[in-house]
Amino acid sequence: MNPESVPGYVALRGDGAPTGRGSSAFTAVKPLDFEIDSTSAIGIVGESGSGKSTLARMLVGLEPVSSGVVTYNAAPLPQFLRSRTGRRDFRAAVQFVAQDTSSSFDPRRTLGDAVETPLAILHGITGDAAAERVAEVLALLQLDPGHLRRYPSEVSGGQRQRFALARALVVRPRILLCDEVVSALDVSVQGTVLNIIKEYCETNAVGLAFVSHGLPATAFVARELVVMRAGEVVERGPTRQVLDDPQHPYTASLLAAYRRDRAVVGPAERPVVAAVGPA
Amino acid sequence: MRRRPSWAPFVPFAILVAVAVVGPLLIPFDPERVAGPASQRPGGAFLFGTDATGLDVFSRTIAAARINLTIALLVTVVATVVGLLVGLLIGMNEARRGPLGWVGRGLSRVVDLSDAVPALIVGVVVVGLFGASLVSLSVALALIMVPNQIRLTRVEVLKVRHDAYLDAARMAGMGEARITFRHVLPNSCRPALENASVVFGVSIIVLRRALRVPRAIGTPPRPTPRVGAPGSRPASRT
């Protein structure tokens, strides 16, 4: 299968609202309607517990949707995930990168194993061809190929998070969902990683859904912003418009909080924006 | 201080195994035949003396190692492998909805219930069903030992189950069964493997007791040698 030719869009339609269970309880009041295709660059912002991670996990089928439905190419996602080939088609087209935790890589397996496995399973690429593709992605993410032989505990958090990105990008997905991918990184690395993500998605026509509580980072990579609070979308629109003219008081308070931080930190340490800068 | 080589802990066990493997070639008398006068002191032809029926205690001790080790090893391997598999099955499924979840939760309750059944009853039932033999003794022992192995594995699986690398494996297109064996098993087998040495030790102790329970339950009244069995007590103690 030629990975370039995988089409795809993911949509989530909640008639009432998708509801999670337990600690990730996700109780939306308003209907959710969400669509990502390979031209999207959506940023989802909101405070902790606003349901934004749950939303991202639902979109890739890692969390059940109890009301509403996630579709992939207009067919319900569970239908895809049930069969082996459907699962592989969907996973090859839509990849998800989770927030860095020390557990995002199997401690007993090398980073190389983690990056090569998706290639082998989703595209049947092994051996030299796989090594070539892995090297390509590592170069893109400015990672040392020597680290492939290392174990996750032997590299830094920033490197591990870039390896997590490599693991997702190596299969050439059409849609990339990122859940707090830069939140754990220090500011200088954040800028580099954000630039890489943005550039990669734009040049390769990869749809991006970027979930983060960091407003500036999200605004930098996203053309469209979705603001969530308590499991409900309070505002959405083109990034510029949301930033310049927030309609919902919650969005305004998020912006104000960010501006206040910036005033305290001062321009020299301005998070992300200083490191990223418009090209 | 020099570091102890990693194989050092296996030395005592290796000696035991060596005795079990080569021992029977070295023993001077048939361990199940009368070798001389009853109740001889240690020394001379009878290194450890003879017991009340005139069997050679040294020969019986060495021969016993083989039987004890075979049973204990069998029990340990069976209890650990079954414990790991059932522990994985319960741990991965008990929180699930649908039939697999029912199986997981049901098995979990069965394991808890097994605590209420005394080991002796298990032994009586198994021996009653399959007759008194070394095999049924092994089965009974494995049944008694397996719940602990299951529990140790289950708890570990519950810890590992929410680790982010499982989601990463799902994103890589892996199925649940493959994820279980490739990522969950290696990260949750340690406690059960460590406890395997306890299972081994307890098996040997219980084997020694097995001969003291009423004849109907123990092995048939052949003078099969077993470490610590009453028949191999030194003459001075009987």
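Does B:Phe181 count as buried, partly exposed or exposed, and at what relative accessibility? At 47% relative accessibility, B:Phe181 counts as partly exposed, because that class lies between buried (under 20% relative accessible area) and exposed (over 50%), with a 1.4 Å probe and protein chains only.

This is a predicted model, in which local features need pLDDT of at least 70, side-chain atom pairs count only at pLDDT 80 or more, and totals for chains, interfaces and linings use all residues. Residues are numbered from 1 along each chain as its sequence is written, chains are lettered from A in the order in which they are written, and side-chain values use heavy atoms, without hydrogens and water.

B:Phe181 is placed in helix H7 (residues 176-188) of chain B; helices are DSSP runs of H or I with at least four residues, strands are runs of E with at least two, and both are numbered from the N terminus. Together with B:Phe13, B:Leu16, B:Leu73, B:Val77, B:Val81 and B:Leu85, B:Phe181 forms a nonpolar patch on the surface, with about 590 Å² of accessible area. Areas come from the Shrake-Rupley method with a 1.4 Å probe, and for residues only the protein chains shown count as cover. Patch members have over 30% relative accessible area and no salt bridge, and nonpolar side chains (Val, Leu, Ile, Met, Phe, Trp, Tyr) are joined within 5 Å; a salt bridge is a side-chain nitrogen of Lys or Arg within 4 Å of a carboxyl oxygen of Asp or Glu. H2(B) gives the largest share of the patch, four residues.

In chain A, helix H4 (residues 111-123) is mostly covered, with 10 of its 13 residues buried. Just after H4(A), A:Gly124 takes a positive phi of about 65°. Among the buried residues of H4(A) are A:Leu111, A:Val115 and A:Leu122.

Methods:
Patches are made of residues with over 30% relative accessible area and no salt bridge: like charges are joined within 9 Å, nonpolar side chains (Val, Leu, Ile, Met, Phe, Trp, Tyr) within 5 Å.
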